[in-house]
Amino acid sequence: MGIFQWTEKSSDVLHSGGVIGPDERLPWPQTGLMGIQHVIAMFGSTVLAPILMGFDPNLAVLMSGIGTLIFFLITGGKVPSYLGSSFAFIGVVIAATGYAGQGANANIGVALGGIIACGAVYTLIGVLVQWLGTGWIERFMPPVVTGAVVAVIGLNLAGIPIKNMAASNFDSWMQALTFTTVGLVAVLTRGMVQRLLILVGLIVSSIFYALLTNVAGLGKPLDLSGVINAAWFGLPQLHTPVFSAPAMLLIVPVVIILVAENLGHIKAVTAMTGKDIDQYMGKAFIGDGVATMVSGAGGGTGVTTYAENIGVMAATRIYSTAVFLCAAVLAVLLGFSPKFGALIQAIPLPVMGGVSIVVFGLIAVAGANIWVRNKVDFSQNKNLIVAAITLILGTGEFTLKFGDFALGGIGTATFGAIILYALLDRKPR
């Protein structure tokens, strides 16, 4: 059997709640539907991150698809992951470019040079892991650390939907309606509808939003004029990297966060599937690093394996890598479609916020799942202190400044967890 072949499973497993492993797949039509759901799951963050940095969001979608295909090829189709825009780059990119927060980033070139350099270092780390194994990394990042880092990513993102996606009391109620709808779909439905809980919840909630606004006049009406006027096909504008030493010195340290994220994500998938995905850790790092370099070379953001999609896998129990192949191809096609970008941007913000609350929460739970599956002993003070401090550092956006360089949120939580564990991993005399 070739490395890109899967064992097909009957759709009957959906009705029995069966698990679809990485080397298995549903019939292609249903696999394609699951791919659509993963595109929806990644879209909010993959679009939001470039907007916050002044990058082109449509180009980011295109590069996320290309990056996922690269990752799929380098890992031999063995690791179920989607690569989307990394939030870890936001702070350092803003610092390196002096971006004011509105419109296009005039200094995007120097950011791209730093992103490429970060991807190169990430690739080298992957080569070392492939050669030496993961033992040296796992000594610094055991399950208590990786679980905390994964959990804190979800908790750190929590403020985005709650603070930035609800401008009014009506919007807050719409968020509540949306995550309740997703929850009802998850619990009360069966089969493919249950597996597509994120997509179905988003569609149903958008319909409710249109009825409440366009018909009842309770909020900002749903506007589809941008979708109607947008072109079907169009090439996003590419940008040329500029290699600036100061910018590279600011951006390259993000690699530590990317390694911790990827390590934690793969540990989470290993725990959820019961499959030994850890053996592909080196190839996963290389795939992510190469994808980041390719994305930066074209004008896209740095990419990372997406916890949002791991959250979807946790909810659906479908871990087939074929799903991510479909999602990647779809993202590439959609990246060339301004009409699609307009359609996604037309999704009511509070509806997207309600879905984000679900997905970000699932990320946090995936981190806790790493602790449970690895039987992390919280009666040991070192584990208790590391987890406790890490969660608060990341959730509270604790920031440390080193001259012009600021490390905050996920960064301080990641470094804090690693350093604290190294300091506290001592046997009492």
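This is a predicted model: local features need pLDDT of at least 70, side-chain atom pairs count only at pLDDT 80 or more; totals for chains, interfaces and linings use all residues.
1. Helix α2, residues 28-53, packs against helix α16, residues 307-316, at an angle of about 140 degrees, and the two axes lie 8 Å apart. That angle makes α2 oblique to α16, the cut-off for roughly antiparallel being over 145 degrees. The crossing in which α2 passes α16 is right-handed.

2. As to the residues that make this contact, α2 contributes Met34, Gln37, His38, Ala41, Met42 and Ser45, while α16 contributes Glu308, Asn309, Val312, Met313 and Thr316. Sorted by class, the residues of the contact of α2 with α16 comprise five nonpolar, five polar and one charged.

3. Helix α2 also packs with helix α17, residues 321-335, here at an angle of about 60 degrees and with the axes 8 Å apart. The two helices, α2 and α17, are therefore oblique to each other, and their crossing is right-handed.

4. On the α2 side of the contact with α17 are Trp28, Thr31, Gly32, Met34, Gly35, Ile36, His38, Val39 and Met42, which meet Ala322, Val323, Phe324, Cys326, Ala327, Leu330, Ala331 and Leu334 of α17. By class, the contact of α2 with α17 holds 13 nonpolar and four polar residues, with no charged ones.

5. Setting aside neighbours within four places in sequence, alanine 111 is in contact with Phe55, Val93, Thr97 and Ile251. Tryptophan 28 is 83 residues away from alanine 111 along the chain, and the C-alpha atoms of the two are separated by 39 Å.

6. Threonine 123 likewise has its place in helix α5, and at 14% relative accessibility threonine 123 counts as buried, because the cut-off for that class is under 20%. Not counting residues up to four places away in sequence, threonine 123 touches Ile286, Gly289, Val290 and Met293.

7. Helix α7 runs over residues 143-157, and at 1.5 Å a residue its 15 residues should span 21 Å, which agrees with the 21 Å between its end C-alpha atoms. Of the 15 residues of α7, 13 are buried, so this helix is largely enclosed by the rest of the structure.

Note on methods:
Residues are numbered from 1 along each chain as its sequence is written. Side-chain values use heavy atoms; hydrogens and water are left out. Axes are lines fitted to C-alpha atoms, for helices over the stretch in contact, and angles run from 0 to 180 degrees between N-to-C directions. Helices (H or I, at least four residues) and strands (E, at least two) are DSSP runs, numbered from the N terminus. Angles under 35 degrees count as roughly parallel, over 145 as roughly antiparallel, 65 to 115 as roughly perpendicular and the rest as oblique. A crossing is left-handed if the near helix is turned anticlockwise from the far one by less than a right angle, and right-handed if clockwise. Contact means heavy atoms within 4.5 Å. Ala, Val, Leu, Ile, Met, Phe, Trp, Tyr, Cys and Pro count as nonpolar, Asp, Glu, Lys and Arg as charged, and the others, Gly among them, as polar. The expected span of a helix is 1.5 Å times one less than its number of residues. Buried means under 20% relative accessible area, exposed over 50%, partly exposed in between (1.4 Å probe, protein chains only).
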